[in-house]
Structures are given as C-alpha cells and as structure tokens.
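Here is a short briefing on one protein model. Overall layout comes before a single residue.

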Amino acid sequence: ELPDGFAAPLKHGQRIILQSHYLNVTEEEILVRDAAHFVLVPEAEVSTWTAAFVNTVTNFTIPANTPDYTLSFDCGFEDEYSLLFLGGHLHEWGKRFQIERTNGGDTSTIYEVPEWEPVFRDSPMYTEYERDEFNVGPDDTFTTTCTWFNGSDEDIEFPQEMCVTFGMAYPTRVPVICDPS
C-alpha cells in the first residue's frame with residue numbers, strides 16, 4: 001500500500017501481468033484464487049509519483065549438485081531517489097540473500113535474509129521506510145548477493161531460479177531498472 005498522496009502511473013490501455021506460483025504437494029486437486037486491488041486516484045490528488053525499483057541478472061547457471069553457489073552483482077544509480085521499501089527475491093533453491101550499499105567508500109549491509117525459506121518467494125520479507133528516510137543517488141552502489149543450494153542432477157537457470165533486489169522508488173514515473181548483464 002502506498003502512502004497518501006503517492007501513486008504509480010499507468011498508461012491508458014496498459015496491460016498488467018500478475019504472476020503467481022503454486023506447488024501442490026498433495027494427491028488431491030486444489031483450488032486457488034488470486035486477487036489484486038487497485039485504487040484509481042485523480043491526478044490532482046497525487047503529490048508524489050513512484051515506480052518499481054529492480055536490480056537483477058538473468059544470465060546465470062547454478063551447477064548441478066552444488067551446495068553453495070554464490071552470485072554477486074553491482075548496480076548504481078544515475079539519479080537521486082528515495083525508497084519506500086526494499087526486499088529480495090529468490091525461489092525454492094535459495095539459501096541466503098543480501099544487499100550491501102556502498103556510498104563514499106563505506107559499505108554496509110542494508111538487507112539480509114541469512115536463511116532463505118521457499119515461502120519467501122511468494123511472501124517476501126522486505127524493509128519499509130518512512131518518507132525521505134532512505135535516499136540514494138549517483139554516489140551509491142547496491143551489491144546483491146544470492147546463494148543457492150542445488151542438490152539436483154540438473155543445472156538451474158533463470159527463470160527457474162532468480163536473484164532480484166526489488167522495491168519502490170520516488171520521485172519517478174518510470175521504473176528504475178538495473179540489469180548489469
């Protein structure tokens with residue numbers, strides 16, 4: 001939910017794709033239902049535009065029978081933004097997730113899930129920030145580090161597994177996307 005006065009723009013006729021994942025581990029069929037709730041806000045009531053913030057890579061392979069495969073990548077910012085929330089996304093092979101921020105030579109961990117659980121894929125843990133609490137700009141770099149356990153006899157690649165830093169940035173009307181690959 002966005003704070004009062006915040007909104008994300010949608011163009012007339014824009015398509016929205018929602019993705020849900022289910023794994024039925026029973027012998028019986030299951031019935032599922034997804035819902036998305038959108039609230040239309042008159043443009044005159046919007047004080048701050050916000051959009052998705054995503055750092056990801058898609059060109060990786062997690063080798064078969066690998067207990068600790070780790071991948072790290074850096075993403076910087078071209079402009080100044082504030083973040084409403086920040087989180088990480090892995091699938092069921094995830095083991096650990098971490099985001100570090102480097103600014104002016106100082107590096108600190110800003111988000112960490114030391115023991116990833118498969119349920120976090122669809123119910124992610126994320127950190128929320130108050131208005132103007134977390135600001136980033138051209139002097140900032142985020143380093144995303146993902147670690148997986150692949151106990152199978154097959155390599156795993158995107159989109160079967162992912163490594164994504166996500167959030168909401170403002171002020172912007174367009175998504176802030178970094179794909180260092």
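A residue counts as buried when its relative accessible area is under 20%, and as exposed when that area is over 50%. By that cut-off, 36% of the 181 residues of the protein are buried. The model is predicted.

**Fold**
- The protein has 14 strands and zero helices.
- Read from the N terminus, the order of elements is β-β-β-β-β-β-β-β-β-β-β-β-β-β.
- The C-alpha trace spans about 55 × 50 × 25 Å along its principal axes.
- Take the contacts between residues at least 6 apart in sequence: 81% of them join residues at least 24 apart.

**Surface and charge**
- The protein carries 9 positive and 32 negative charges.
- The mean positions of these positive and negative charges lie 6 Å apart.

**Asp140**
- Asp140 belongs to strand S11, which covers residues 140–150.
- Is Asp140 buried or exposed? Asp140 counts as buried because its relative accessibility is 3%, and the cut-off for buried is under 20%.
- The side chain of Asp140 makes a polar contact of 2.7 Å with the side chain of Arg101.
- Leaving out residues up to four places away in sequence, Asp140 touches Cys75, Gly76 and Phe77, along with Arg101, Thr102, Asn103 and Asn135.

Key. Residues numbered from 1 in each chain as written. Predicted model: local features only at pLDDT ≥ 70, side-chain atom pairs only at ≥ 80, totals over all residues. Heavy atoms only, no water. Helix = DSSP H or I, 4+ residues; strand = E, 2+ residues; numbered from the N terminus. Buried < 20%, exposed > 50% of the residue type's maximum accessible area, 1.4 Å probe, protein only. Polar contact = N/O pair within 3.5 Å; in protein donor to acceptor, adjacent residues only side chain to side chain. Contact = heavy atoms within 4.5 Å. Lys, Arg positive; Asp, Glu negative; His and termini not counted. Charge placed at Lys NZ, Arg CZ, Asp CG, Glu CD.
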